[in-house]
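Please follow the account below with the predicted model open beside it.

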Amino acid sequence: MKNYISLKVAASLFIWAFTISAFAQQKYDTEHVVIVSEIYNKETLISFARSIEEARRIAVDNGFDMPERLELHITRKPGIDKMILFADGPHTIQLYYPDESSFKKKIISHNTNTYGICREIGHMLINPVLGQNDDFSIFVREAWVHLFASMANDIIYERYKKSLWQDQFDYREFGMKRFLQGLSDNTHYSQVQLGWLELYCKIGFNKMSGFLAELDTLIKQKKSAEHALGIAVFGRLGPDDAQNWLKNYSGAFLDRSNTPVNLYPLYVQQYY
């Protein structure tokens, strides 16, 4: 009987130790990225790290300030039914997943592969400018992030091709091709997309950081959203182009009648 109890206790301790070790965290480091993870598939961690490194490099190469080190925390969250990825402050990205099967190619969402990583880097770039500003449409921030992520996604594909992910697939389907397809929707969101795309095509992405920096400065100087947008646009485009851009897109950028409460779920449904 005594031996039976001892064996039972030992078995319980083994199960407890196995459970704890199963959810123990490990670290994976690269030059500018540290991943703290509960998953043990090194190939998956390498793919995430490369995506973050490349998205960060694209941002820095185009004049944006970024932290020297970015963190990705991958955490199992029992009870959720899909993976959740979000920027959690200026240098941290959180990824919650329900179970290991979440990382299989047939299940993984574009929101949590290279495009998703680029989205969260985009949020880190624009949130300090517009993250707490209610004077612009919510779609101004979201459409800019969508443009950055689509562009960066395709640049990363040119370097790594399909080999970036262990289960190889053509993730360009989530890049500029999808962004451009969305322009035909004739919605408030697509109008803001067009505005950002036209600005990008006219001034180049390497000057977009200066545009956002000037917009940030003007907002902090308590300029109205309309005034700040006009000054920033005229500062980057010639008079005729600036007037045409403001005529075509300032209304969509400044229209707050479509609030996040009633339209944000539609955005999530369409792009996630």
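In this predicted model, Arg57 counts as partly exposed, because its relative accessibility of 32% falls between the 20% and 50% limits. Arg57 forms a salt bridge with Glu54, in which the closest N and O atoms are 2.8 Å apart, and both residues belong to helix α2 (residues 42-61), where three residues, or about one turn of the helix, separate them.

Asp61 counts as exposed, at 53% relative accessibility. Through salt bridges that share partners, Glu54, Arg57, Asp61 and Arg159 are joined into one network.

A further salt bridge links Arg56 with Glu68, the closest N and O atoms being 3.8 Å apart. Since Arg56 lies in helix α2 and Glu68 in the loop between α2 and β3 (70-76), the pair ties together parts that are twelve residues apart in sequence. Arg56 is buried, with a relative accessible area of 8%, whereas Glu68 is exposed, with a value of 53%. In total, the structure holds eleven salt bridges.

Lys161, in the loop between α4 (138-160) and α5 (176-181), has a positive phi of about 55 degrees although it is not a glycine, and Lys161 is partly exposed, at 38% relative accessible area. Asn186, located in the loop between α5 and α6 (188-203), likewise has a positive phi, near 55 degrees, and is exposed, with a relative accessible area of 67%.

Technical notes. Residues numbered from 1 in each chain as written. Predicted model: local features only at pLDDT ≥ 70, side-chain atom pairs only at ≥ 80, totals over all residues. Heavy atoms only, no water. Helix = DSSP H or I, 4+ residues; strand = E, 2+ residues; numbered from the N terminus. Buried < 20%, exposed > 50% of the residue type's maximum accessible area, 1.4 Å probe, protein only. Salt bridge = Lys/Arg side-chain N within 4 Å of Asp/Glu carboxyl O.
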